[in-house]
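Here is a short tour of a few local features, meant to be read with the structure open beside you.

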Amino acid sequence: MPTTTERARADALLTGYGQTYAREAGVKLRDTPQPLYQLLVLAHLLSARIRASVATDAARALFHDGMRNPKRMSEATWQQRVDALGRGHYRRYDERTATQLGEAADRLLEQYGGDLRKLREAAGGDIEECKRLLRELPGIGPAGADIFLREAQGVWPEVAPYFDAKALQGAERIGLPKSPGAIARLVSENEYPALAAGLVRSALDKRVADDVTARADS
């Protein structure tokens with residue numbers, strides 16, 4: 001049973017740092033092809049060793065330039081992808097990432113008709129299989145698959161509760177339980193993605209954790 005302190009800290013985390021990365025990048029996530037693809041692109045960008053704000057800015061730049069679905073991403077030239085990433089200040093990995101985004105879009109179109117819901121169907125409700133299939137897409141490694149599923153759990157309920165190692169690291173930092181099931185009991189199901197995002201921010205920045213605990217315990 002969650003303690004009063006745990007609930008207070010979870011509430012403080014949601015209030016101060018519970019914006020999902022998808023929302024930060026301007027993606028209105030639904031279980032439809034285009035927003036799911038945009039989440040995949042964002043997960044790809046976030047999985048590099050780069051600031052999250054740079055990744056979300058780069059995603060916005062790609063989408064602004066029309067690369068909102070795999071067909072448009074595939075049709076864009078490599079230079080167009082590089083230029084969009086550059087405007088988002090995603091310069092350290094821009095050339096390799098531009099190549100991978102094109103290859104991933106092509107693979108997604110070939111195998112799933114550009115629709116990640118077909119990947120979900122192919123996984124048959126098995127989370128590990130879903131992760132494996134995601135990792136078959138160029139540029140999506142273990143971290144990218146985790147990022148995608150942390151946010152997709154809001155529209156793919158069979159994935160929930162999804163709190164990966166990075167989220168659990170953040171939970172430990174603010175004194176929350178260390179198991180996904182126990183963390184899930186702190187909030188409602190529709191808040192899982194936001195809580196996961198807040199936990200990741202806590203893991204990445206000790207100042208977030210310190211602020212959450214200070215506000216919750218005051």
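## Aromatic pairs

Tyr90 and Tyr93 are both buried. Keep in mind as you look at them that this is a predicted model. The ring centres of these two tyrosines are 6.3 Å apart and the planes meet at 55 degrees, so the pair counts as tilted. In total, the model has 3 aromatic pairs.

Another of these pairs joins Phe163 and Tyr192, and its geometry is edge-to-face, with 5.9 Å from centre to centre and 70 degrees between the planes. Phe163 sits in the loop between α10 (142-152) and α11 (165-173), while Tyr192 belongs to helix α13, so this pair ties together parts that are 29 residues apart in sequence.

What does Arg201 lie over? The answer is the face of Tyr21, at 4.3 Å from the ring centre. Beyond its neighbours within four places in sequence, Arg201 is also in contact with Tyr17, Gly18, Gln19, Thr20, Glu24 and Val208, alongside Tyr21 itself.

## Where α13 meets α14

Val208 leads us to the next helix pair. Two packed helices are described by the angle between their axes and the distance between the axes. For helix α13 (residues 192-204) and helix α14 (residues 206-217), the axes come within 5 Å and cross at roughly 115 degrees.

On the α13 side, the residues that meet α14 are Arg201, Ser202 and Leu204, and their counterparts in α14 are Lys206, Val208 and Ala209. Sorted by class, this contact has 3 nonpolar, 1 polar and 2 charged residues.

## Helix α6 and what follows

Now turn to helix α6 (residues 78-87). Which of its residues are buried? They are Arg81, Val82, Ala84, Leu85 and Gly86. An α-helix has 3.6 residues a turn, so residues three or four places apart point the same way.

Just after α6 comes a backbone detail worth a glance: His89 takes a positive phi of about 65 degrees.

Technical notes. Residues numbered from 1 in each chain as written. Predicted model: local features only at pLDDT ≥ 70, side-chain atom pairs only at ≥ 80, totals over all residues. Heavy atoms only, no water. Axes fitted to C-alpha atoms, helices over the stretch in contact; angles between N-to-C directions. Helix = DSSP H or I, 4+ residues; strand = E, 2+ residues; numbered from the N terminus. Contact = heavy atoms within 4.5 Å. Nonpolar A, V, L, I, M, F, W, Y, C, P; charged D, E, K, R; others polar. Phe/Tyr/Trp six-rings, centres within 6.5 Å; stacked < 30°, edge-to-face > 60°. Buried < 20%, exposed > 50% of the residue type's maximum accessible area, 1.4 Å probe, protein only. Lys NZ or Arg CZ within 6 Å of the ring centre and 35° of its normal.
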